[in-house]
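Reader: I would like to learn how to read the fold of a protein chain from its model, beginning with the whole and ending with single residues. Could you take me through it?

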Amino acid sequence: METPALNALLCPHCGLEFTAPQPDAHSLACAGAHTFDVARQGYLNLLTGHGTKFVPDTAAMVAARDAFLEAGHYQPLADALADRVGSLLAAAEGNALIVDAGTGTGWYLQQVLAALGGRTVAAVGLDISKFALRRAARRNPQALNVVWDLWRELPLGAGTADVVLVVFAPRNAAEFARILKPGGSLVIVTPLPGHLAEIAQEAGMLGIQDGKEEALAASLAGDFTAEGSAELHVPLELGAADVGNVALMGPAGHHLDEVALGERLAALPATTRATAAFRISVFRPLPRP
Ligand SMILES: C[S@@+](CC[C@H](N)C(=O)[O-])C[C@H]1O[C@@H](n2cnc3c(N)ncnc32)[C@H](O)[C@@H]1O
Ligand SMILES: [Zn+2]
């Protein structure tokens, strides 16, 4: 369990800090003596007893997303993100902290951290899916991987983060603004209209609702000001297994008819061309009153 990131963590029950654990500890205690389990796989579960209504991604959905990312189709996005975060952190002084909100299997965070070269930056990955965090903890053992619901008050101190990264995950604007340092940055990746449109039918994908730059800025307007954004279009050549992974890894994966999907995939040519289209947007927190 990484200690620098632990300094930013606060107990969700009493708001007190955590005390440094032994290297192989199976639980973590706050200064108010509340304890939380550290899973065998290395992630920390702070959500105990909260009884969330949210239905997390299943193991199969998480495995599909991980396989798709591991195949490297979105490497240009990871490279662009690593670049952006690297330059944002170049100006950060002292111990920097990245919070990856909805870290999933930690694939993007891994690349962002790796690209920072010799610089050691503390990292927290938050996600509600234990299946995802099992993989994230294996992938980013140096990060603090925490089971948490992004729609709740985040278990992090005010003004502790230099960068909050949100790649296709929920955006809790007020909480992101609270945990960011005054000069910090919120980096958001959203799909553009037309993202993977060529395989939307085959993959049974739901329509893209995001994409409008103005809508994203408006949803953050009370807490952030837009700093800039860049579009990224990535041409892809996908095999049937890749298209299947796209189908399974998205929200549609919760209620997918696997027999029908198998039939659609069997009808595909060896390679299907498609274009992934993303927007990377950077926001700055507004000064707090
Ligand atoms: C589309 S995935 C993206 C994951 C990762 N950022 C990536 O791009 O590989 C969305 C992630 O957000 C997580 N998520 C959704 N709602 C959440 C919530 N309320 N609190 C925490 N995580 C949530 C899901 O478990 C999932 O891992
Ligand atoms: Zn406590």
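This is a predicted model: local features need pLDDT of at least 70, side-chain atom pairs count only at pLDDT 80 or more; totals for chains, interfaces and linings use all residues.

Reader: What radius of gyration would a compact globule with 289 residues have, and what does the chain have?

Author: The radius is taken over C-alpha atoms, and the globule rule is 2.2 Å times the number of residues to the power 0.38. For 289 residues a compact globule would have a radius near 19 Å, and the chain, with 19 Å, agrees with this. Buried residues (under 20% relative accessible area, with a 1.4 Å probe and protein chains only) make up 48% of the chain.

Reader: In what order do the strands of the open sheet lie?

Author: Strands of a sheet pair through backbone hydrogen bonds, either parallel or antiparallel. Strands here are DSSP runs of E of at least two residues, helices are runs of H or I of at least four, both numbered from the N terminus, and two strands pair if DSSP finds at least two bridges between them. The open sheet has eight strands in the order 3-6-5-4-7-8-10-9, with mixed pairing. Strand 3 and strand 9 stand at the edges, each with a single partner strand, so one side of each has no neighbour in the sheet.

Reader: Which strands are joined to strand 6 by bridges, and how many bridges are there to each?

Author: Strand 3 (residues 44–45) runs parallel to strand 6 and is joined to it by two bridges, with L44 standing opposite V146. Strand 5 (residues 122–127) is also parallel to strand 6, through four bridges, and G125 has N145 as its bridge partner.

Reader: Where is N95 found, and is N95 buried or exposed?

Author: N95 lies in the loop between helix 3 (75–90) and strand 4 (97–101). With a relative accessible area of 73%, N95 is exposed, a word that requires over 50%, whereas partly exposed covers the range in between. Leaving aside neighbours within four places in sequence, N95 is in contact (heavy atoms within 4.5 Å) with D162 and K181.

Note on methods
Residues are numbered from 1 along each chain as its sequence is written. Chains are lettered from A and ligands numbered from 1 in the order in which they are written. Side-chain values use heavy atoms; hydrogens and water are left out.
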